[in-house]
Amino acid sequence: MAVTIKDIAKRAGVSYSTVSRALNGIGTENTENKKNILRIAREMGYVPNQAAINLKKSRSYVIGLYFSAISKMTSPFVLHDVLTGVYQITGSKYNVVVKGIDMHDTGTLNPTFYDGIIVLSQRSEDMDFMQEVLGKGIPMVVICRTVDVDAPNVTTDEERAMELAMDYLIENGHRNIGIIEGNPELDSSRLRRQGWRASVKRHGMNPDSLPVICGNYRYASGYAAASQLLAYKPTAMLCFNDEMAFGARTAITQAGLEVPGDVSLIGFDNWDMSGYSDMRLTTVERNMGQIAKEGARVLLRQLDDGIIDNRRIYLNNKLIIRDTVRNLNDTVRNERWENETEHRHEMP
């Protein structure tokens, strides 16, 4: 049986993609590591499959854009911003095929169909798919989640971002805060939860004393969660995304209360909801379009220029201060956050 790159990778104790780059003279692999891979290849009698090489050189100009799940977990706002961001970089040169990892049949990826793949990963279960992509030698970039794979990562620090949001509520005098979290299966929900809890602890409060309701990042779940939280008479609600925050606002107003006079609101994402509501929501900006564009740029540098950059790239989040958080500090204004109108606070 012919020796494969996978056989060499197993003997050398490195990834498939590392062996592929070493054998093809691509990138800047460690010299000793490369020498060891080439030595093992010679010892094992590896012979490149010229037919496969020639076939791979025939570009398809198709990029796969894979979401963890499209129907159940991905907000339509995420879909819109990510697709727009990717298309702005790929232009008319590449066709983009959108799929969900949850609908993928393991082992069916065709390396001749895709020139490269962008993965918007939200779950640890996506790792098997990513390993299949790399195992078949398809260039890949992972966005929105930090993962330990031999591929570039483009993401934001969601834990720090939600910590910043909770800091803002507490420093504006709020203590009775209701939390509307997202789908607990998603890594983003876990990170955001760690963030707000860290802030609460740092301010000498017990995070377990605050009421928490899990939504699914959709408007209706925000409405339902807020309806339940109102029984605790919170002065503020921290929402894991803007869509749920707007649902929460509807529940608050239907209960005869006002935002922010009775209940303050803070969201996450900074979606453009101006066409749906007049509420100017204070929120954390996570620019999915910019994340998608940077991921596409990294992938195209590899496909078009042969530049492989397997770094983790973190883009900044910003706290966008608008009109939905009331300052409860009667005597002393909190100068850290005070501003006349809209204010953008850049994360350090």
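**Entry 1: helix 9 and helix 10**

I started with how helix 9 and helix 10 cross, and the crossing turned out right-handed. One reminder to myself: this is a predicted model. I then looked up the angle between helix 9 and helix 10, which is about 45°, with the axes 6 Å apart. Angles under 35 degrees count as roughly parallel and 65 to 115 as roughly perpendicular, so helix 9 and helix 10 go down as oblique to each other.

Next I wanted the residues that make this contact. From helix 9 I noted Tyr219, Ser221, Gly222, Tyr223, Ala226 and Ser227. From helix 10 I noted Glu243, Met244, Phe246, Gly247, Ala248, Thr250, Ala251 and Gln254. Sorted by class, the contact of helix 9 with helix 10 has seven nonpolar, six polar and one charged residues.

**Entry 2: the overall picture**

I stepped back to see the whole protein. I found eleven helices and 13 strands in it. The protein has 348 residues, and 50% of them count as buried. I also checked how far along the chain the contacts reach. Of the contacts with a separation of 6 or more, 72% are between residues 24 or more positions apart.

**Entry 3: helix 7 and helix 8**

Back to helix pairs. Helix 7 covers residues 158-171 and helix 8 covers residues 187-202. I got an angle of about 40° for their packing, and their axes are 7 Å apart. That makes helix 7 oblique to helix 8. Helix 7 passes helix 8 in a right-handed crossing.

Which residues of helix 7 meet helix 8? I listed Glu158, Glu159, Met162, Glu163, Met166, Asp167 and Ile170. On the helix 8 side I wrote down Ser188, Leu191, Arg192, Gln194, Gly195, Trp196, Ala198, Ser199, Val200 and Arg202. By class, the contact of helix 7 with helix 8 splits into seven nonpolar, four polar and six charged residues.

Asp167 sits in helix 7. Is Asp167 buried or exposed? Its relative accessibility is 2%, and buried means under 20%, so Asp167 counts as buried.

Then I looked for partners of the Asp167 side chain. Asp167 makes a polar contact with the side chain of Arg202, at 2.8 Å. The side chain of Ser199 also makes a polar contact with the side chain of Asp167, at 2.6 Å. I checked Val200 too: Asp167 and Val200 are 33 residues apart in sequence, yet 7.8 Å apart in space, C-alpha to C-alpha.

Ser199 belongs to helix 8. With 0% relative accessibility, Ser199 counts as buried. Leaving out residues up to four places away in sequence, I found that Ser199 touches Glu163, Met166, Asp167 and Ile170.

**Entry 4: helix 5 and helix 11**

One more helix pair. Helix 5 is residues 76-90 and helix 11 is residues 288-305. Their axes come within 7 Å and cross at roughly 35°. Helix 5 passes helix 11 in a right-handed crossing. Helix 5 brings Val78, Asp81, Val82, Gly85, Val86, Gln88, Ile89 and Thr90 to the contact. Helix 11 brings Met288, Gly289, Ala292, Lys293, Ala296, Arg297 and Leu300. By class, I have eight nonpolar, four polar and three charged residues for helix 5 with helix 11.

Most residues other than glycine have a negative phi, and most peptide bonds are trans. So what are the exceptions I noted?

Where does Lys233 lie? I found Lys233 in the loop between helix 9 (219-229) and strand 8 (236-239). Lys233 has a positive phi of about 55°, although it is not a glycine. At 68% relative accessibility, Lys233 counts as exposed.

Asn270 is another one, with a positive phi near 65° in a residue other than glycine. I placed Asn270 in the loop between strand 9 and strand 10 (282-285). Asn270 is buried, with a relative accessible area of 16%.

Then a peptide bond: the one from Val259 to Pro260 is cis, with omega near 5°. Pro260 lies in the loop between helix 10 (242-254) and strand 9 (264-269).

Methods. Residues numbered from 1 in each chain as written. Predicted model: local features only at pLDDT ≥ 70, side-chain atom pairs only at ≥ 80, totals over all residues. Heavy atoms only, no water. Axes fitted to C-alpha atoms, helices over the stretch in contact; angles between N-to-C directions. Helix = DSSP H or I, 4+ residues; strand = E, 2+ residues; numbered from the N terminus. Parallel < 35°, antiparallel > 145°, perpendicular 65-115°, else oblique. Left-handed = near helix turned anticlockwise from the far one by under 90°. Contact = heavy atoms within 4.5 Å. Nonpolar A, V, L, I, M, F, W, Y, C, P; charged D, E, K, R; others polar. Buried < 20%, exposed > 50% of the residue type's maximum accessible area, 1.4 Å probe, protein only. Polar contact = N/O pair within 3.5 Å; in protein donor to acceptor, adjacent residues only side chain to side chain.
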